[in-house]
Amino acid sequence: MGRGKIEIKKIESLTNRQVTYSKRRVGIMKKAKEIAVLCDAQVSLIMFSSTGKLADYCSPSTDVKATYERYQAITGIDLWNAQFERMQNTLKHLQEINQNLRREIRQRNGKELEGLDIMELRGLEQTLDESLKIVRHRKYHVIATQTDTYKKKLKSTREVYRALMHEMEMKDENQQYGFDAEDHSRMYENSIQLLNNGPQMLSFRVVQPSQPNLLGISYDSHDLSLA
């Protein structure tokens with residue numbers, strides 16, 4: 001039995017439509033290649049599916065551009081005229097927008113105001129007021145942000161200053177105790193920790209007292225640690 005005839009109309013089922021397109025696309029591509037080889041014909045084939053997917057073929061003896069140029073020369077149909085007109089219209093529209101923007105900039109600078117009526121002048125005044133409000137808002141925001149940053153830096157500097165003054169006072173109160181190089185290094189590290197918001201602990205190491213009347217005095221470790 002032979003194949004039954006298929007009614008030529010749109011296939012309603014999306015799945016069947018895609019399967020049919022895929023099969024027939026392969027078949028028509030095969031036929032285009034065969035006719036180009038068997039008959040030495042210059043063939044150019046372009047197809048787009050319902051989903052916008054491109055499928056094309058061009059015989060090895062030519063290219064798509066040359067085929068279209070020959071087609072235009074023979075038929076007298078300009079394939080690019082409509083596209084060229086659309087591009088020209090788009091360019092003209094963009095040029096008008098550019099001219100309007102440049103004129104608006106000049107008017108905001110106080111130029112070319114002679115031909116404006118009272119309503120246009122009022123509109124220009126409102127636009128300038130709104131622009132000034134936006135500029136002031138941005139300026140105040142920047143100033144407020146910088147002020148907060150400087151306040152934080154000033155507070156940190158004051159804390160470091162108080163910590164250093166506290167160290168100097170403790171040094172003056174304990175002049176009978178000597179500090180070696182390790183003590184100075186530890187004091188410097190404590191200052192750095194204060195600057196970086198580290199643990200605020202000051203520790204001192206006692207060396208042999210130089211006054212004879214202090215030889216009989218004993219100290220516990222917690223008596224010489226300041227927190």
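Student: Why does Cys58 count as partly exposed?
Tutor: This is a predicted model, and in it Cys58 has 24% relative accessibility. Buried means under 20% and exposed means over 50%, so Cys58, at 24%, falls in between and counts as partly exposed.

Student: Why does Cys39 count as exposed?
Tutor: The relative accessibility of Cys39 is 54%, and because the label exposed requires a value over 50%, Cys39 counts as exposed.

Student: How many disulfides does the rule give?
Tutor: A pair of cysteine sulfur atoms has to lie within 2.5 Å to be called a disulfide, and by this rule the count comes to zero.

Student: Which residues make up the covered face of strand 2, and which the uncovered one?
Tutor: In strand 2, residues 54-58, the covered face holds Ala55 and Tyr57, whereas Leu54, Asp56 and Cys58 belong to the uncovered face.

Student: What makes strand 1 and strand 2 a pair?
Tutor: Two strands pair if DSSP finds at least two bridges between them; five bridges join strand 1 (residues 44-48) to strand 2, and the strands run antiparallel.

Student: Why does Ile77 count as partly exposed?
Tutor: Ile77 sits in the loop between helix 2 (64-75) and helix 3 (81-108), and its relative accessibility of 42% lies between the 20% and 50% limits, so Ile77 counts as partly exposed. Together with Tyr71, Leu79 and Trp80, Ile77 forms a nonpolar surface patch with about 400 Å² of accessible area.

Student: What does the UniProt record annotate over residues 77-114?
Tutor: The unreviewed UniProt entry gives "coiled-coil region" for residues 77-114; in the model, that stretch is 74% helix and 0% strand, with its end C-alpha atoms 50 Å apart.

How values were computed
Residues numbered from 1 in each chain as written. Predicted model: local features only at pLDDT ≥ 70, side-chain atom pairs only at ≥ 80, totals over all residues. Heavy atoms only, no water. Patch = residues over 30% accessible without salt bridge, like charges linked within 9 Å, V, L, I, M, F, W, Y side chains within 5 Å. Areas by Shrake-Rupley, 256 points an atom, 1.4 Å probe, with all protein chains shown as cover. Salt bridge = Lys/Arg side-chain N within 4 Å of Asp/Glu carboxyl O. Helix = DSSP H or I, 4+ residues; strand = E, 2+ residues; numbered from the N terminus. Buried < 20%, exposed > 50% of the residue type's maximum accessible area, 1.4 Å probe, protein only. UniProt positions renumbered as here; feature names shortened; annotations may be inferred.
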